[in-house]
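Visitor: I am new to reading protein models, and I would like to learn how to read one feature at a time. Could you take me through this one slowly?

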Amino acid sequence: MRLGIALAVALALPLAACSSKVEVTPATEGVTDAMLIDGVEGEWLTYGRDYGEQRFSPLEQISADNVGELGLAWSVDLDTARGQEATPLVHDGVMYITTAWSKVKAFDAATGAVKWEYDPEVPRETLVRACCDAVNRGVALYGDKVFVATLDGRLIALEQETGKVVWSEVVVPNQEDYTITGAPRVAKGMVLIGSGGAEYKARGYIAAFDHETGKEVWRWHTVPGNPADGFENDAMEKAAETWAGEWWKLGGGGTVWDSITYDPKTDLVLFGTGNAEPWNPGANGRMGTEGADDNLYTSSVVAVDLTTGEYRWHFQETPEDRWDYDSNAQITITDLEIDGKMRHVALHAPKNGYFYMLDAETGEFLSAGSFAEQNWTLGIDPKTGKPQINPEARYEQTGKPWIGMPGAGGAHSWQPMSFSPVTGLVYIPANLAAFPYMAAEGWEESDIGFQTGVDLSSVAMPADEAVRKAAMDATTGALIAWDPVKQEARWTVPFKGPWNGGTLATAGNLVFQGDANGNFNAFSADAGKKLWSFPAQTGVIAAPMTYSINGEQYVAVLAGWGGVWDIATGVLAHKSDAPINVSRLLVFKLGATGKLADPPASADRVLDPPPFLGTEEQAATGSQVYARYCSVCHGDAAVAGGLNPDLRHSATLADKDTFKTIVIDGALSPPEGGGNGMVSFNKALKPEDVETIRQYLIKRANEDLALSKK
Ligand code: CA
């Protein structure tokens with residue numbers, strides 16, 4: 001429909017209007033392109049600190065020798081209790097952060113005094129179409145403005161000085177299927193942003209907007225639309241050859257939900273794309289009769305021209321993706337000596353478990369190495385980088401469940417890695433966790449919830465002690481110091497569970513990283529020796545940053561457990577020790593002695609469910625309905641993370657009608673419920689379905705109660 005309107009508008013305008021391109025004037029004051037390219041000592045001006053997204057700071061006042069004296073300088077309690085994923089930016093003595101629900105806050109970076117706060121008032125219902133919590137990864141600074149992209153698909157420019165709105169535009173094609181969690185980047189006056197939604201019905205894209213007006217300059221889609229509408233460009237026509245069936249009806253996926261890297265050396269914008277949609281290619285026959293089309297440009301690194309948004313090159317890391325192996329992890333650009341020759345390279349560690357080095361100008365594959373256990377390939381062609389896919393991993397063809405390694409959470413997701421030019425190492429926050437994939441039989445799309453075509457019910461965690469223990473034991477995490485030239489690990493720090501924080505490398509021979517166990521840590525960058533740790537009282541998933549004011553170096557990090565690992569993995573979300581959300585901004589400096597208040601008392605977690613008086617048939621049906629509509633937020637097998645309500649504890653289980661009023665009638669729907677995004681599911685569910693969910697939950701609660709008494 002958008003195309004139809006665009007065509008109609010184009011035909012109605014005189015020919016000259018075709019060249020009415022938005023003219024963008026770069027900023028000459030405030031934060032300029034030169035500052036972003038060269039960096040400003042002591043500041044952190046863009047998401048990955050520099051355009052190359054290295055997350056390396058030359059500051060060295062805090063070093064491996066004195067990091068033991070690091071203490072809490074100031075902290076701020078945040079007014080949300082969901083996953084905190086943002087990297088703070090610092091410019092001119094002011095720190096800018098975002099929190100969950102896309103709120104923006106500015107502080108005096110030396111004292112923590114609040115300068116201003118801005119709440120875009122994202123409707124809480126948005127949560128139901130956001131795969132992975134109400135998170136936001138940060139702002140962009142340019143000229144005299146701050147840019148934030150909101151969960152409900154707006155791009156907003158605020159005055160840096162006051163937080164007042166300058167302009168606000170809805171930049172997603174529609175607010176039903178698309179959400180934004182990523183941080184915008186700005187180059188030459190263009191604000192770059194994509195969206196999420198490849199678990200729903202989204203057609204991926206990246207777009208550029210004029211920093212002064214919010215007007216769209218260009219938009220490049222990552223997957224082809226309906227051929228009958230005509231292709232927007234040659235890249236789409238080429239890509240269409242790698243798809244079958246009527247893929248466009250569900251959008252196709254390939255969303256650009258995190259990494260965007262501008263390279264001033266080549267004037268290219270590199271970005272990663274997400275999975276094809278739905279996950280299970282059998283659900284809509286998008287891979288043709290052979291069942292092995294690549295589905296370009298999903299799960300790829302793509303480069304487009306900054307000025308025009310025209311396609312330059314792509315490298316597909318996961319062809320025929322059916323495992324949710326998004327390539328959205330951060331792309332780092334640097335120069336490295338390879339075989340005696342300096343190369344301008346892009347470094348990437350996507351979900352699929354391989355570390356890639358590409359030529360940053362041409363996309364030529366240079367090398368790859370497996371940084372985490374994987375079983376979806378039998379190897380990678382050393383010349384082309386193309387994986388040899390394990391036939392057993394094509395679960396829709398075998399008709400059998402496939403325990404995929406990595407799982408859908410990815411060996412490395414959005415948690416930023418860092419690169420130290422001093423050590424030559426990349427510090428990767430890795431997840432070592434499997435996922436059971438199984439094609440859903442007779443799957444049909446619906447108007448609400450996940451559209452993956454995967455049977456989440458048959459593979460839900462059983463209430464079996466041995467199975468649970470085996471799964472828990474096999475689910476861990478690690479900080480991996482990776483040598484990108486040799487494609488091997490130099491050192492590894494194991495963590496109890498996955499979903500630990502992003503990393504920061506500094507010239508002080510330090511790597512900072514928070515963990516899912518509730519600590520914020522410093523390691524030596526050369527050897528991985530743990531040198532310092534601070535109890536953060538909550539899982540830390542965001543990446544730290546560092547800055548300097550009046551000769552003092554600070555390290556800042558957002559603390560607050562959450563994100564997809566917390567809300568969708570059930571019992572596995574509890575593998576680490578601190579799956580409780582206490583959202584705060586923590587700032588450290590040498591010699592400081594600040595203390596955090598005691599963590600809020602955790603709720604009584606003893607199970608006390610009503611007796612299970614339903615039928616086994618009801619519970620079995622409820623298990624399937626729950627897995628499809630509820631588990632993505634309330635957890636696999638009805639075990640929630642620390643964030644969303646654990647329904648096994650819900651008092652409403654005892655009352656059929658109360659339960660129905662919430663699920664069907666939307667009793668906890670905001671604003672009446674004061675809610676956290678629990679909207680009515682009346683579009684998809686009938687009262688009898690809801691009763692099966694209730695019976696299933698009661699049964700699950702009783703099973704786990706019995707387990708806990710053993
Ligand atoms: Ca995905």
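Visitor: Let me begin with the strands: which residue in E8 is the bridge partner of Leu-141?

Guide: Before I answer, please keep in mind that this is a predicted model. The general idea is that strands of a sheet pair through backbone hydrogen bonds, either parallel or antiparallel. Here the bridge partner of Leu-141 is Val-146 in E8, and strand E7 pairs with strand E8, residues 145–149, in the antiparallel sense over three bridges.

Visitor: What is the order of the strands in the open sheet that holds this pair?

Guide: The order is E7-E8-E9-E10, an open sheet of four strands with antiparallel pairing. At its edges lie strand E7 (140–142) and strand E10 (165–170), each of which pairs on one side only. From one strand to the next, the twist averages 20°.

Visitor: Let us turn to charges. How many salt bridges does the structure hold?

Guide: Side chains of opposite charge can pair when their charged atoms come close. In this model there are 37 salt bridges. One of them joins Arg-648 to Asp-646, with 2.7 Å between the closest N and O atoms, and another is formed by the side chains of Asp-704 and Arg-648, at 2.8 Å from N to O. Because Asp-704 lies in helix H10 while Arg-648 lies in the loop between helix H8 (631–634) and H9, this second pair ties together parts that are 56 residues apart in sequence.

Visitor: Are Asp-704 and Arg-648 buried or exposed?

Guide: Both Asp-704 and Arg-648 are buried. To read such a label you need the cut-off, which is that a residue counts as buried under 20% relative accessible area. Arg-648 has a relative accessible area of 11%, so it is buried, and Asp-646, at 7% relative accessibility, counts as buried as well.

Visitor: Which residues are linked with Arg-648 in a network of salt bridges?

Guide: The network links Glu-616, Asp-646, Arg-648, Lys-699, Arg-700, Glu-703 and Asp-704. For a contrast in where the partners lie, look at Arg-694 and Glu-691, whose side chains meet in a salt bridge at 2.9 Å from N to O. These two residues are three residues apart in helix H10, which means that about one helical turn separates them, and both Arg-694 and Glu-691 are buried.

Visitor: Now the rings: how many aromatic pairs does the count come to?

Guide: The count comes to 36 aromatic pairs. Take Tyr-629 and Phe-681 as an example: their ring centres are 6.4 Å apart and their planes stand at 75°, so the pair is edge-to-face. This pair links distant parts of the chain, with Tyr-629 in helix H7 (residues 616–629) and Phe-681 in the loop between helix H9 (656–663) and helix H10 (687–709), 52 residues apart. Both Tyr-629 and Phe-681 are buried. Elsewhere, ring pairs join Phe-315, Trp-323, Tyr-325, Tyr-354, Tyr-356, Phe-365 and Trp-376 into a cluster.

Visitor: Which residue has its charged end over the ring of Tyr-205?

Guide: That residue is Arg-219, whose charged end sits 4.2 Å from the centre of the ring.

Notes. Residues are numbered from 1 along each chain as its sequence is written. This is a predicted model: local features need pLDDT of at least 70, side-chain atom pairs count only at pLDDT 80 or more; totals for chains, interfaces and linings use all residues. Side-chain values use heavy atoms; hydrogens and water are left out. Rings of Phe, Tyr and Trp (its six-membered ring) pair if their centres lie within 6.5 Å; planes under 30 degrees apart count as stacked, over 60 as edge-to-face and the rest as tilted. Buried means under 20% relative accessible area, exposed over 50%, partly exposed in between (1.4 Å probe, protein chains only). A charge sits over a ring if NZ of Lys or CZ of Arg is within 6 Å of the ring centre and within 35 degrees of the ring normal. A salt bridge is a side-chain nitrogen of Lys or Arg within 4 Å of a carboxyl oxygen of Asp or Glu. Two strands pair if DSSP finds at least two bridges between them. Axes are lines fitted to C-alpha atoms, for helices over the stretch in contact, and angles run from 0 to 180 degrees between N-to-C directions.
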